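Here is a short report on one protein chain. Keep the sequence and the 3D view side by side as you read.

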Amino acid sequence: MRTTTIGDVRILLPDLDPEDLDTVHNPATDLNEGSIEGVSWRGTQLDDVSIRSSRITGADFSESTWESGTIWGSEITRTDLSGATLSGVTIERCAFTGSRFTGTRLTDVRLKDILFDGCRFDYATFERVVAVGATAFIDCTLTNATWSSCRLPRIAIRSCQLANLEIESCQLQGADLRGNRLHNLKSALVNLDGITLHEDQLPELTQFAIEELRLDVRTD
């Protein structure tokens with residue numbers, strides 16, 4: 001059983017044996033114990049698709065639409081999902097590495113045991129996304145993204161770019177934001193209730209609070 005620990009978050013990772021994976025050149029919509037590379041499903045409508053115990057490398061899912069379905073126990077590497085729409089999809093025990101979610105819209109998506117490593121989520125929209133288990137973002141770009149009405153307790157966001165990330169009506173209790181710059185984060189203070197920070201981030205948090213509360217700080 002493969003695991004990784006990010007801060008206090010322990011994530012169960014996919015455990016794939018290359019010898020168990022069949023090389024697939026022209027995949028159908030469902031994929032089970034397969035390995036695909038360089039395939040293009042750009043702009044495709046994918047309804048109730050199941051991807052299980054598979055490895056996807058260098059694929060193009062940009063501008064595609066995913067309705068329902070499950071992605072389980074899979075590795076997705078250097079794959080383009082920019083401009084895609086994911087609605088009602090369950091993603092569990094998956095590792096996304098170096099993949100692109102620029103402008104992607106995720107609605108009513110459920111996450112459990114997910115690692116996003118070195119991925120781009122700039123201008124992405126998360127709406128009612130729920131983390132029901134361990135989830136971590138490492139070295140990801142979240143600039144100009146929007147999170148709305150999400151429940152993401154105890155997730156880890158480490159060494160990410162958060163400039164102009166807009167957080168609205170979200171629950172982040174116990175989320176680990178150590179190692180990030182808070183400068184230009186767009187959020188009401190209530191959305192940050194219960195998060196974990198490093199003491200080095202306190203000056204930025206103080207400035208954030210001063211601006212949020214419109215305090216008049218004087219030296220005399």
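## A residue on the helix

E212 is partly exposed, because its relative accessible area is 36%. The cut-offs are these: buried means under 20% relative accessible area, exposed means over 50%, and partly exposed lies in between, with a 1.4 Å probe and protein chains only. E212 sits in helix α1, residues 202-213. Helices (H or I, at least four residues) and strands (E, at least two) are DSSP runs, numbered from the N terminus.

Which residues does E212 touch, not counting residues up to four places away in sequence? They are S187, A188 and L189. Contact here means heavy atoms within 4.5 Å. E212 and S187 are 25 residues apart in sequence, yet their C-alpha atoms are 8.4 Å apart in space.

## About the model

This is a predicted model, in which local features need pLDDT of at least 70 and side-chain atom pairs count only at pLDDT 80 or more, while totals for chains, interfaces and linings use all residues. Residues are numbered from 1 along each chain as its sequence is written, and side-chain values use heavy atoms, with hydrogens and water left out.

## The whole chain

The protein chain has 1 helix and 22 strands. Along its principal axes, the C-alpha trace spans about 70 × 35 × 25 Å.

Of the 220 residues, 45% count as buried. The chain exposes about 10800 Å², and carbon and sulfur atoms supply 41% of that area. Accessible areas come from the Shrake-Rupley method with a 1.4 Å probe; for residues, only the protein chains shown count as cover. Now take the contacts with a separation of 6 or more: residues 24 or more positions apart account for 12% of them.

## The sheet

Strands of a sheet pair through backbone hydrogen bonds, either parallel or antiparallel. In this chain, an open sheet of 8 strands has parallel pairing and the order β6-β9-β12-β14-β16-β19-β21-β22. Two strands pair if DSSP finds at least two bridges between them. The edge strands, β6 (45-47) and β22 (186-187), each pair on one side only.

Look at β19 and β21 (residues 166-168). They run parallel, joined by 3 bridges. Within this pairing, W147 stands opposite I167 in β21.

## Aromatic rings

How many aromatic pairs are there? The count is 13. Rings of Phe, Tyr and Trp (its six-membered ring) pair if their centres lie within 6.5 Å; planes under 30 degrees apart are stacked, over 60 edge-to-face, and the rest tilted. F121 and F137 are edge-to-face, because their ring centres are 5.6 Å apart and their planes are at 75°. This pair links distant parts of the chain, 16 residues apart: F121 is in the loop between β15 (110-117) and β16 (125-127), and F137 is in strand β18 (residues 135-138). F121 is buried at 0% relative accessible area, and F137 is buried at 2%.

F126 and W147 form a stacked pair, 5.4 Å centre to centre with 25° between the planes. F126 lies in strand β16 and W147 in strand β19 (residues 146-148), 21 residues apart. F126 is buried at 1%, and W147 is buried at 0%. Ring pairs link F96, F101, F116, F121, F126, F137 and W147 into a cluster.
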